[in-house]
Each structure stands twice: as C-alpha cells, then as structure tokens.
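Hi,

Here is the structure I promised to pass on. Have a look at it first, and my notes follow below.

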Amino acid sequence: MSGIVVVYELDKAVATRSSPGVPDSEERPVHRVHAAPATPGVPAATGPRTLCGKDTFAMATAHRKPTERPGEPWYPAEYASVVCPDCNAVIET
C-alpha cells in the first residue's frame, strides 16, 4: 500500500452559534474519505487527484498512513461508513 495518502473531503463549513463574548467557531465534518497517490519523492504529500479522479486541493490530509498489514483497511476505522467506493475499488484490485 505504499505510495497512498489518505485524504478527507470535508463538508462545507457549518458556523456554530456561541455565547456572547465567545468567538464563533467552524466545524467541518468529513464527508468522504479518499485515497490519493503520494507525490513522487515526498511520500507524505498528495498528488493532484484522488484515485477516483477528484481534485485534492481542498481536501485535508489524514495524519494516519495506510497500513501495509493484510486484512486491515487503508482508511481510519471511524470513517468506514464514508469511504469513497471508487477509491476503495481501485485499492482492492
């Protein structure tokens, strides 16, 4: 699985209401988890497109590296329900 970087496609920013005197904060939940090829020579940097063809420019890079152990998923377990099926299919082939 070397050469793959996990990236998050985030939902649009959602402003949350806060108490007076407390600054507004923004929360951006993960919409979809994608896999992208690493930039040649820079294994922690993503290439310009995910394995399914989406632009990685506005995506957040996960701090987790895909596992190379057989049977373990390439994505963080907590995001299993939002894994991109197209990226997953490319990795499984």
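Let's start at a turn: in the hairpin of S4 and S5, which has two residues between the strands, Gly-41 takes a positive phi near 85°. Before going further, a word on what this is: a predicted model, where local features need pLDDT of at least 70, side-chain atom pairs count only at pLDDT 80 or more, and totals for chains, interfaces and linings use all residues. Residues are numbered from 1 along each chain as its sequence is written, and side-chain values use heavy atoms, with hydrogens and water left out.

Strand and helix names are DSSP runs numbered from the N terminus (helices are H or I with at least four residues, strands are E with at least two). Two strands pair if DSSP finds at least two bridges between them.

The sheet

S4 and S5 pair in the antiparallel sense over two bridges, with Ala-38 standing opposite Thr-46 in S5. They belong to an open sheet of four strands in the order S5-S4-S1-S6, and the pairing is antiparallel. S5 and S6 are the edge strands, each pairing on one side only. Between S1 and S4 there are seven bridges, again antiparallel, and Val-7 stands opposite His-34 in S4.

The cores

What sits inside? I used "buried" for under 20% relative accessible area, "exposed" for over 50% and "partly exposed" in between (1.4 Å probe, protein chains only). A nonpolar core is then a set of buried Ala, Val, Leu, Ile, Met, Phe, Trp, Tyr and Cys residues joined through side-chain atoms within 4.5 Å. The largest one has 14 residues, of which Val-6, Tyr-8, Val-33, Ala-35 and Trp-74 touch the most other members. S1, S4 and helix H1 (85-92) are the elements that give two or more residues to this core. There is also a second, separate core of five residues, including Val-5, Val-7, Ala-38 and Met-59.

For contacts I took heavy atoms within 4.5 Å. Leaving out residues up to four places away in sequence, Val-6 touches a list that includes Val-33, His-34, Ala-62, Pro-66 and Trp-74. Thr-50, in the loop between S5 and S6, is buried, with a relative accessible area of 5%.

Aromatic rings

How many aromatic pairs are there? The count comes to two, where rings of Phe, Tyr and Trp (its six-membered ring) pair if their centres lie within 6.5 Å; planes under 30 degrees apart are stacked, over 60 edge-to-face and the rest tilted. In one of them, the rings of Trp-74 and Tyr-75 have centres 5.3 Å apart and planes at 90°, so that pair is edge-to-face. Both residues, Trp-74 and Tyr-75, are buried.

Charges

A salt bridge here is a side-chain nitrogen of Lys or Arg within 4 Å of a carboxyl oxygen of Asp or Glu, and the count comes to one. The partners are Lys-54 and Glu-9, at 3.6 Å from N to O. Lys-54 is in the loop between strand S5 (42-46) and strand S6 (60-61) while Glu-9 is in strand S1 (residues 4-10), so the pair ties together parts 45 residues apart in sequence. Lys-54 is partly exposed at 38% relative accessibility, whereas Glu-9 is buried at 19%.

Cheers
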